[in-house]
Amino acid sequence: MIEQPSRTLVCSIVFVDIVDYSTKPVQEQLLLKQAFNKLLSASLEHVPSRDRVVLDTGDGAGITFLGDPEDALFVAMSLRAAARAEATGAISVRLGINLGPVRLVKDINGQMNIIGDGINVAQRVMTFAQAGQLLVSRSFYEVVSCLSLDYASLFSYVGARTDKHVREHEVYSVGIGTEAARRVIETATRRMAPRRTRARLISELAHARPFGLHGAALIAAPLAFVLMAGGGVAVRAQVRLPQLALQPPATSVAAKAPAAPAEKPAPSTPPTSGATKSTAPAAGAARPARRDPPAVRATRVESQPARARAPVAAVAAPGVLQLAILPWGEVFVDGKSRGVSPPLRSIELPAGAHTIEVRNTSFPAFTRRVDVRAGEPVRLHHRFR
């Protein structure tokens with residue numbers, strides 16, 4: 001990602017400062033910087049070099065993360081915890097995180113450098129922090145707090161702070177030693193695990209124990225097969241039910257009619273020939289008389305398909321607002337914040353008219369009225385200048 005130095009990107013920036021570094025003797029500064037560089041390298045071990053740019057600021061560092069904003073949070077919390085647990089206890093750091101626009105440039109030595117409002121605000125946020133404290137800007141909080149409940153409970157609002165340029169910043173503090181912080185660190189550990197090198201992963205698979213990874217796969221494969229087969233049978237049964245409902249009954253209506261009572265034996269006295277002739281046709285005519293009329297049979301056959309063909313009420317799909325905001329902006333829909341774009345790319349909205357407002361701390365706000373229709377995308381493009 002860092003091979004194109006002329007691009008403007010929205011990145012997460014961590015700014016770190018060694019507390020009271022400038023007041024130390026030169027020899028002590030050298031030892032502090034060596035210990036700090038060792039802690040920073042350990043914290044960045046699982047972040048690919050292509051996804052980060054590290055700037056040495058003398059008394060600290062500025063790290064720009066070109067990938068997920070969670071990487072910035074994980075590295076900052078890891079670095080703070082490592083500094084607190086450092087054996088000598090001589091390293092004390094303060095940290096600030098911001099999400100904003102930056103530009104990749106080459107410095108006079110041909111090395112990659114970062115400039116822009118994003119890194120400037122990160123440095124301002126860091127200056128508001130006390131020793132051992134981690135503060136984040138509102139733009140970073142708005143994005144990360146929406147990713148997980150643990151992230152949302154990790155932050156606490158500190159208030160508005162004004163820098164030396166009379167610019168106001170709303171900052172949030174990242175807790176330490178809380179249950180949410182512990183779960184976030186565990187999430188970071190699991191998230192970094194897939195980034196191991198391919199050689200190491202292949203080696204572990206080759207030396208897997210019988211009841212390790214391969215044992216779990218042998219148990220999971222039959223279970224997955226049973227679930228898939230059961231799902232196929234259930235789907236087939238659901239498909240067959242409407243077909244059976246549409247077919248007419250196999251048995252005729254006449255077969256459902258009650259059986260005729262058994263004929264009584266003829267009396268011992270022989271009847272007259274005239275009585276015999278009149279009785280036979282009457283017995284033969286009694287059976288067809290029990291059939292239902294055609295109208296009744298038609299009603300019985302048509303009633304069940306009619307219920308099966310009952311229409312299902314359609315649910316109206318919401319509209320989609322597609323966003324293309326440059327370089328970045330906080331999006332408000334009808335006065336309510338919906339996040340920062342980018343990374344926010346689209347918002348589902350109910351059909352109707354809505355007022356969209358996009359705010360950027362460096363430019364006047366942009367407002368537009370859009371008409372959203374169900375199932376149709378509406379595109380909103382704006383570049384702050």
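How many of the seven residues of E8 are buried? The count is five, so the strand is mostly covered, given that buried means under 20% relative accessible area. This is a predicted model.

E8 has pairing partners in E6 and E7. Strand E6 spans residues 134-137 and runs antiparallel to E8, with three bridges between them. In that pairing, valine 136 stands opposite tyrosine 172 of E8. E7 also pairs with E8 in the antiparallel sense, here over seven bridges. Glycine 159 faces valine 171 of E8. E7 and E8 form a hairpin with five residues between the strands. Within this hairpin, valine 166 adopts a positive phi near 55 degrees.

## The chain as a whole

The chain has 385 residues, and buried residues make up 31% of them. Its secondary structure comprises 11 helices and 15 strands. Among contacts with a separation of 6 or more, 65% join residues 24 or more positions apart.

## Nonpolar cores

The largest nonpolar core holds 38 residues. Val14 and Phe140 touch the most other members. Helix H2 (residues 69-84) provides the largest share of this core, with eight residues.

What does valine 14 touch, leaving aside residues up to four places away in sequence? Its contacts are Ala61, Gly62, Ile63, Phe65, Ala72, Ala76, Leu95, Gly96 and Ile97. A second core is separate and has 15 residues. Leu321, Val333, Val358 and Val378 are included in this second core.

## Salt bridges across the sequence

The chain has nine salt bridges in total. One of them joins lysine 33 and aspartate 56, whose closest N and O atoms are 2.8 Å apart. Lysine 33 lies in helix H1 (residues 26-43) and aspartate 56 in strand E2 (residues 52-56), so the bridge ties together parts 23 residues apart in sequence. The two ends differ in cover. Lysine 33 is buried, at 12% relative accessible area. Aspartate 56 is exposed, at 57%.

Arginine 124 and aspartate 163 form another salt bridge, at 3.7 Å from N to O. This pair links distant parts of the chain, 39 residues apart. Arginine 124 sits in helix H3 (residues 117-127). Aspartate 163 sits in the loop between strand E7 (155-162) and strand E8 (168-174). Are these two residues buried or exposed? Both arginine 124 and aspartate 163 are buried.

## A local pair and a network

Glutamate 28 and lysine 24 also form a salt bridge, with their closest N and O atoms 3.9 Å apart. The cut-off is 4 Å, so this pair counts as a salt bridge. Glutamate 28 is partly exposed, with a relative accessible area of 35%. Lysine 24 is partly exposed too, at 29%. Both values fall between the 20% and 50% limits, so neither residue counts as buried or exposed.

Salt bridges also form a network. It links Arg138, Glu142, Glu170 and Glu330.

Note on methods:
Residues numbered from 1 in each chain as written. Predicted model: local features only at pLDDT ≥ 70, side-chain atom pairs only at ≥ 80, totals over all residues. Heavy atoms only, no water. Helix = DSSP H or I, 4+ residues; strand = E, 2+ residues; numbered from the N terminus. Buried < 20%, exposed > 50% of the residue type's maximum accessible area, 1.4 Å probe, protein only. Contact = heavy atoms within 4.5 Å. Salt bridge = Lys/Arg side-chain N within 4 Å of Asp/Glu carboxyl O. Core = buried A, V, L, I, M, F, W, Y, C linked by side-chain atoms within 4.5 Å. Pairing = 2+ DSSP bridges.
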